[in-house]
Amino acid sequence: MDKVVIVGVFDFVNFHICKALLDEGIEVRGVQIESEDTGDILVEKRLEIGRNANFTEISLGDISNDSYENETIVLSVYDLYMLYKEEYLLNEDMLINLISKNHWEQIVILVPSQLLSNVIESKAELVIDDFIKRTRAQNKDIQLLYLPTIFGPWQPDTFMFQHSILTDMNRGNAFKGLREETGDALFIDDTVKSIIEIIETKEPGRFLLQSGKSNQWDLCAAFLRLNKQGINDRIEEIKDEDLTKSIVNSTVPIAVALSKQIDHAHRLNS
């Protein structure tokens, strides 16, 4: 994997993937569909990437007009879902055609793990499920990586963890409602390492990233003094046919990982 195109490059998970790939010397072209971030936050993110010669910010039009035969494309439906932007998946020209018209070496889609549930009821999840089915109908050699709650610096306030942190700082907005899975949680740095390892195998299929622990989300919530009463787990029985379960190696204790997220939130909002 020498070249990667990331769609939604400044969104939460994708942004960390971008930084990790650049650290490995991989050429990244990034396109942002639309961002909820303010101009100041986007400036911060661009500064964090730095003047890296391997990074180029491009438009969707640039992707549509160029050939990407030897490149990998990464699309985070996960980020769109958590940002309440899943309606972009309804635009045929924007994403379906983008994936199908180019001869990508590899197609990687990050998906909320709730989409593995045997019962999909919400409109947002139905939109995502339909998008995945339409995409796979055109190209079955896709890597679908299913993610539970991901936490760490730059987590949007649509997650309960970040919303709680900002609320404690008197910077919280009204909570839009629970979307994340509350059955598992992974620290972003550990998750990105596993994501890149899976991408580098070039093996198509469905992969569920897990902590391997039964109460990881609860432990994070307890550290932040969140009350889980009345919150139902967002994933129960799952469709595990042809599903590879991958345990993410945890290298950072929960207290340290969440402290990094808290410190980062304070730095951005000071």
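Strand β9 pairs with strand β10 (residues 243-247) through five bridges, and the two run parallel. Pairing here requires at least two bridges found by DSSP between two strands. Strands are DSSP runs of E with at least two residues, helices are runs of H or I with at least four, and both are numbered from the N terminus. The model is a predicted one: local features need pLDDT of at least 70, side-chain atom pairs count only at pLDDT 80 or more, and totals for chains, interfaces and linings use all residues. Residues are numbered from 1 along each chain as its sequence is written, and side-chain values use heavy atoms, with hydrogens and water left out.

Now the whole protein. The protein holds 10 helices and 10 strands. Of its 270 residues, 53% are buried. Buried means under 20% relative accessible area, exposed means over 50%, and partly exposed lies in between (1.4 Å probe, protein chains only). The accessible surface of the protein is about 12,600 Å², and carbon and sulfur atoms supply 44% of that surface. Such areas come from the Shrake-Rupley method with a 1.4 Å probe; for residues, only the protein chains shown count as cover. A contact means heavy atoms within 4.5 Å. Take the contacts in the protein with a separation of 6 or more: 83% of them join residues 24 or more positions apart.

Back to β9. This strand spans residues 205-210 and is mostly covered, with five of its six residues buried. Leu145 is set opposite Phe207 in β9. Toward β10, Leu209 faces Ser246.

Is Thr244 buried or partly exposed? Thr244 is partly exposed, because its relative accessible area is 40%. Leaving aside residues up to four places away in sequence, Thr244 touches Arg206, Phe207 and Leu208. Leu208 and Thr244 are 36 residues apart along the chain, yet their C-alpha atoms are separated by 6.2 Å.

Next, helix α2, which covers residues 39-49. Leu42, Lys45 and Ile49 are buried in α2. Why do these three share one side of α2? They cover an arc of only 60 degrees around the axis, so they fall on the same side of α2. That arc is taken from the directions from the helix axis to the C-beta atoms. An α-helix has 3.6 residues a turn, so residues three or four places apart point the same way. The buried residues of α2 pack against α1 (12-23) and β3 (55-57). Asp40 and Leu47 are exposed, on the face of α2 turned away from its buried side. Just after α2 comes Gly50, with a positive phi of about 80 degrees.

Two loop residues also have positive phi. Tyr84 is not a glycine, but its phi is positive, at about 60 degrees. Tyr84 sits in the loop between α4 (77-82) and α5 (92-101). With a relative accessible area of 22%, Tyr84 counts as partly exposed. Arg225 is not a glycine either, and has a positive phi of about 60 degrees. Its loop runs between α9 (216-223) and β10. Arg225 is exposed, because its relative accessible area is 69%.
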